[in-house]
Amino acid sequence: MSNTAATKPAAPRSFQEIILRLMTYWASKGCAVLQPYDMEVGAGTFHPATTLRSLGSTPWAAAYVQPSRRPTDGRYGENPNRLQHYYQYQVLIKPSPPDLQALYLGSLEAIGIDLELHDIRFVEDDWESPTLGAWGLGWEVWCDGMEVSQFTYFQQVGGHDCRPVSGELTYGLERLAMYVLGIDHVMDMPFNDPDAPIALKYGDVFRQTEQEYSRWNFDQADTAMLLSHFEDAEAECERILAADPVDGAGRRIVMAHPAYDQCIKASHLFNLLDARGVISVTERQAYIGRVRALAKKCADAFVTTEAGGAQPEGVGA
Amino acid sequence: MPDLLIELFSEEIPARMQARAREDLRKLVTDGLVEAGLHYAHAAAFSTPRRLVLALEGLSERSPTLREERKGPSASAPEAAVQGFLRSTGLTLDQLELRDDKKGQVYFAVVEKPGRAAPEIVAEVLERTIRNFPWPKSMRWGAGALRWVRPLHSILCILTTEAGAEVVPLEIEGIVSGNTTEGHRFMAPGRFAVSGFDDYAAKLKAAKVVLDSAEREAIIWHDATQMAFARGLELVEDKGLLAEVAGLVEYPVALMGDIADDFLGLPPEVLQTSMKEHQKFFSVKNPKTGRIEGFVTVANRETADHGATILKGNLKVLSARLSDAKFFWENDLRLVKSEGLEGMGAGLANVTFHNKLGSQAARIERIEALAREIAPLVGASPDLAAEAARVAKADLRSAMVGEFPELQGLMGSYYARAAGLPEAVANACKGHYSPLGPSDDVPTEPVTVAVALADKIDTLTGFWAIDEKPTGSKDPFALRRAALGVIRLILNNDLRLNLSELFQKANSGTDAGDLLAFFHDRLKVFLKDQNIRHDVIDACLAMPGTDDLTLLVKRAEALGAVLATEDGANLIAGFKRANNILAQAEAKDGVEYSYGADVKFAEGPEEVALFAALDQAEAAIAPAMAAEDFATAMGAMAALRGPIDAFFTAVQINSDNEIVRRNRLNLLSRIRQICLSVADLTKLEG
């Protein structure tokens, strides 16, 4: 990583430009640029490209944007920093390369952060996801005192030791972009080029949805329905995993991903119930435990598949 | 004699682990070297966020040769025995020596262990140290199996003599030792070679790395205090923060900023907590007003704009944080002024405390009722205690505590004052959580004490009633801490409470006896730290009135004090002797000797004297015990030591005269009875 690069990238002008530059940067470093997972999740980690692909021995390198929903963080679009729907940028590389820190710093330069003028710090922050039965060690990365990313070496996922270890980078895109663009309120942030014929701000795209979802999340979501959906998802997850791995035509197909979809669903339904304030402190632990049990079973199933690093059927033990 | 330099270079080591890690490195390496027969003159360990360093001066060049002799079987022993000896020593028959022994000729093996060169030993010890390093939390990375706190990138390990530096060859999981290191990540990247510690320290300095954490702390402290001083302000001392910040930077640059006027109205604790917890900023206060008016942040680099960009960024983050805090503070104040503090807590009805113990509001109702009961026992007004209990947890619904949970209680006291509540109520909001730990201050204000006790006793009896007791290392509801809190509140304030009765009042579903036994266990642990022996407490626990912990502890203290005297220790021996003789006789005769001895059957002067002494002791002990004057009672008991010793020396219990024998056994029974009226001395050890 050279700090005396002759030309520093010009400052980006919009939210989408930052995303595009991250895409280009990580593509240039060899990552498969994936698309968001098509389900509601609380964080980029839930994408199967991270959760499941961090398991087993098969090498992996992926980068993607993941729309993330945290119903309790809704503020009707009024808070300058908090949203119930936001974007995370996620990078997962397995095994973690020895120069991952340098690669990460390169991505900051790519989006216009001048490392010669700013103070970048790696501050201890151990990551744990009780719902995924996962943990890792790493840092939150600070730029001038602001947390701009989470940097984690996965040690365990779904109760399985990660061998090899994946390196995970998570950028909170809105916050990072607001910092880079010098914006104080997220709704004022240029979404596309400010000189475009139809220049859109973040608020033009998302203010109304923040209001609508905040109302639904906090006041309207039908808790009885959410509860029964939670139970349906849980039951379906378990049923799929309990099914005979060999189908009617004699093919061995373990349905780890469809089962994991149900696990994700259960997790999001739990978040919605939580936002509705109908889950007590002790019940909370029980619900998290139920989702974790699903995640573990999905992980158990995934590692028996080829993508999960298992030998194809009939070969080996 | 060579000098040894070791540097373990890694990705950022958590600040809180660095001090312990450099000490562990020093100890593990020096212990290993000494164990292997090397010695050294001086050792010093250093740490930065990216390196652990050990510098040894005057290391010996090799370990000494060791000669070991082992005696084997006799020359006439069976072949198998000789072969066995050869196998165990790794020698052949012609290498053994035959020596004359008392029983004839015997084989001897003389094994010489040649000394080993320092590099070989260093490599071995360092590898063992790295593989077994006691990090509080460690991890794997990439495809390797090695564990370190964060990925380990390079190992510098050199021995330096006048002739030059030599790399100690070593390879761990693909990391090969060398003589190079890196400078500051941003200001001086790139590797360079070093030839010894002095060269290393000098080159690091040039490469913008201050190696010694004490020096980094000194720089931060000096620069920060100077900056504040130049503005007529004062840095708020915080040693923990200083050590942490020094562990986050290799090249500290202090930068000072002002807190915008908008935020100066926030309580100082809010400013300090927000800045410290979120930003690791030092607070800067105005000595005239005591207000927090500025901050110091510590960057890890110099920049061409002298930190302007960095300071601007930090200010922006701070101002976002403080805007939140201000918004919360103002909203909370508005709510409290319109709805009162009780109004703020109205939502607690919808918050579950525990699914079997109901909502927070239900809990508060119970605490209120109990605080009213306890108030007269601790000298508080029942109405004030009840009011305080009603509002003490209202701040849990405040926006500020939602954001900064560590400010619970403190915010309540601010809001109570804003709502115009009495000072005693405001103080109880803050103080009723105390004492939280063994070293936390114990509240003394009666209203606070009443609420603090009611809160903790409600929690304990509640979880006892639903059978959620602590087991082993599991204590998810911190019940041990709550019990210790109650114990310290009672003892520090000299309170006289009947705990079982309070447990019953708090929750009739509680097994009060079992909970009291739990309290007694916690009390033992607590008193052990105060150097009161556990058997002394057991002796007192066997007495009635163990509901009253103040009384119990007074008794234990008095007994402990008596046992520390010569008379006291000997009296116990005399008591035990009397008790043993009596117990044996009672078992043999099948009767209990408690009939009352009569002095008219006494035979010698010692026996007569013991009668007199027992009468005297009894006369002194009974009223003293009634007055809870344990020191006097125990003193009177200890005074029996002389007469009892004299009696046992002069008198044989077993007499041919059965009347005299029975009388003596009944006399021993009086000793037992009098002593046991003070404490159950049979529980004492030794």
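## Close-up views of a two-chain predicted model

**View 1. Chain A as a whole.** Chain A is built from eight helices and nine strands. Keep in mind as you look that this is a predicted model. The C-alpha trace of chain A spans about 60 × 50 × 40 Å along its principal axes. A compact globule of 317 residues would have a radius of gyration near 20 Å, and chain A, with 21 Å, agrees with that. Of those 317 residues, 47% count as buried. Among the contacts in chain A with a separation of 6 or more, 67% are made by residues 24 or more positions apart.

**View 2. Where chain A touches chain B.** Here 32 residues of chain A are in contact with 32 residues of chain B. On the chain A side, the elements that give two or more residues are strand 4 (120-124), strand 6 (134-143), strand 7 (146-157) and helix 8 (281-302) of chain A. Strand 4 of chain A provides the largest share of this side, four residues.

View 3. One landmark is B:Ser74, which stands opposite B:Val106 in strand 6 of chain B.

**View 4. Antiparallel strands 13, 15 and 16 of chain B.** Strand 13 (residues 234-235) and strand 15 (residues 282-285) of chain B run antiparallel and are joined by two bridges. In this pairing, B:Glu234 stands opposite B:Lys285 of strand 15 of chain B. Strand 15 of chain B also pairs with strand 16 (residues 292-299) of chain B, in the antiparallel sense and over four bridges. There, B:Val284 has B:Gly294 in strand 16 of chain B as its bridge partner. The hairpin of strand 15 and strand 16 of chain B has six residues between the strands, and in this hairpin B:Gly290 takes a positive phi near 75°. As a handy reminder, strands of a sheet pair through backbone hydrogen bonds, either parallel or antiparallel.

**View 5. Helix 15 of chain B and its surroundings.** Helix 15 (residues 479-492) of chain B has 14 residues, which at 1.5 Å a residue should span 20 Å; the end C-alpha atoms are 20 Å apart, in agreement. Because 10 of its 14 residues are buried, helix 15 of chain B is largely enclosed by the rest of the structure. Those buried residues include B:Leu479, B:Ala482, B:Leu484, B:Ile487, B:Arg488 and B:Ile490. What do they pack against? The buried residues of helix 15 of chain B meet helix 14 (446-465), helix 17 (512-529) and helix 19 (549-563) of chain B. After helix 15 of chain B comes B:Asp494, with a positive phi near 55°.

How values were computed: Residues numbered from 1 in each chain as written. Chains lettered and ligands numbered in written order. Predicted model: local features only at pLDDT ≥ 70, side-chain atom pairs only at ≥ 80, totals over all residues. Contact = placed C-beta atoms within 7 Å. Pairing = 2+ DSSP bridges. Expected span 1.5 Å × (residues − 1). Buried ≥ 20, exposed ≤ 12 C-beta atoms within 10 Å, placed from the backbone. Rg over C-alpha atoms; globule rule 2.2 N^0.38 Å.
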